[in-house]
Amino acid sequence: MNIISNLLNSILGYFFNITGDFGIAIILLTLVVRVILMPLSFRQKISMKEQQNLSKGLEEIKEKYKNNKAKLESETQKYYKESSKSMLGFLTSFLQLPIFFALYNVILKMPMSTATMLVPWVASLKMADSFFIIPTAYVISVLIPNLLPYVPFLKITTQARISKANILVSSVMSAIITFKAPIALGLYLITTSLFSAIEEMIFRIYIRRRELVA
């Protein structure tokens, strides 16, 4: 973890030397990390989609062979074999955790006594936003990926919409997280959420095209 933190800290320093602004440096560092992790994230999304397809297939198998016990058992074993393969993709998400924790620690431990042009109404990136603009922006950025399933063009099969109650809960939790959080952490969270929204849109477009070809 220390090796990753030191590497990220060096990259952050490099971006600060170029831009002269820690706020912009944090955003650039976050984007670099997310771009590097994007293949792993895509693999995880594809694995989840395959798992949903397999779950739907299992229900169809049970209905189709409900009167043929031997055939049902045979087809069910094939299903679980395919399911175990798709579950391997979920392991990629665990590879992302050390990097995210290291990036989080780098941001929190930064000696930020200077302001940023991105948030001119605060004197330090270590301060919370008393005008609550950063928490509001974070809530909006978190809402965007959750609302994508409701966009007709971005709908994909076998994926249920997130309930409005869950969207409300995630919004409230996002506001609580950034209510007293340092501006630096807020910039990191907003950048991460916006990148996730773009990544989700790209993934949905890719899946829709693949379904049309199939």
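Read along the sequence, the protein chain follows the pattern α-α-α-α-α-α-α, with 7 helices and 0 strands. Helices (H or I, at least four residues) and strands (E, at least two) are DSSP runs, numbered from the N terminus. The model is a predicted one, in which local features need pLDDT of at least 70 and side-chain atom pairs count only at pLDDT 80 or more, while totals for chains, interfaces and linings use all residues. Residues are numbered from 1 along each chain as its sequence is written, and side-chain values use heavy atoms, with hydrogens and water left out.

The predictor's confidence in each residue is given as pLDDT, from 0 to 100. Its mean for the protein chain is 79, and 74% of the residues reach 70 or more. Where pLDDT is low, the predicted coordinates should not be read in detail.

The UniProt record (unreviewed entry) places the feature "transmembrane region" at residues 22–42, 87–107, 127–150 and 162–179; such annotations may be inferred rather than shown by experiment, and their positions are given in the numbering used here, with feature names shortened. Residues 22–42 are 100% helix and 0% strand, and the end C-alpha atoms of this span lie 29 Å apart. For residues 127–150, the corresponding distance is 36 Å, with 62% helix and 0% strand. Phe132 is found in the loop between helix 4 (91–108) and helix 5. Its phi is near 60°, a positive value in a residue other than glycine.

Buried residues (under 20% relative accessible area; exposed means over 50%, partly exposed in between, with a 1.4 Å probe and protein chains only) make up 38% of the 214 residues in the protein chain. Phe132 is partly exposed, at 36%. Gly23, in helix 2 (residues 22–64), is buried, with a relative accessible area of 0%. Gly23 and Leu187 are 164 residues apart in sequence, yet their C-alpha atoms are 7.2 Å apart in space.

A search of the whole structure finds 3 salt bridges, each defined by a side-chain nitrogen of Lys or Arg within 4 Å of a carboxyl oxygen of Asp or Glu. Arg34 and Glu199 meet through their side chains in a salt bridge at 3.6 Å, N to O. Arg34 lies in helix 2 and Glu199 in helix 7 (residues 183–213), so the pair ties together parts that are 165 residues apart in sequence. Both Arg34 and Glu199 are buried. Glu200 forms a salt bridge with Lys45, with the closest N and O atoms 2.6 Å apart. Here too helix 7 and helix 2 are involved, so Glu200 and Lys45 tie together parts that are 155 residues apart in sequence. Glu200 and Lys45 are both buried. The side chain of Glu200 also meets that of Arg204 in a salt bridge (2.9 Å, N to O). These two residues, 4 apart in helix 7, are separated by about one helical turn. Salt bridges that share partners join Lys45, Glu200 and Arg204 into one network.

In helix 6, which holds Ser174, the side chain of this residue reaches the backbone oxygen of Ser170 at 2.7 Å. Ser174 counts as buried, at 5% relative accessibility. Leu168, found in helix 6 (residues 164–179), counts as exposed at 56% relative accessibility.

Definitions and conventions: A polar contact is a pair of N or O atoms within 3.5 Å; within protein, one must be able to donate a hydrogen and the other to accept it, and residues adjacent in sequence count only if both atoms are side-chain atoms.
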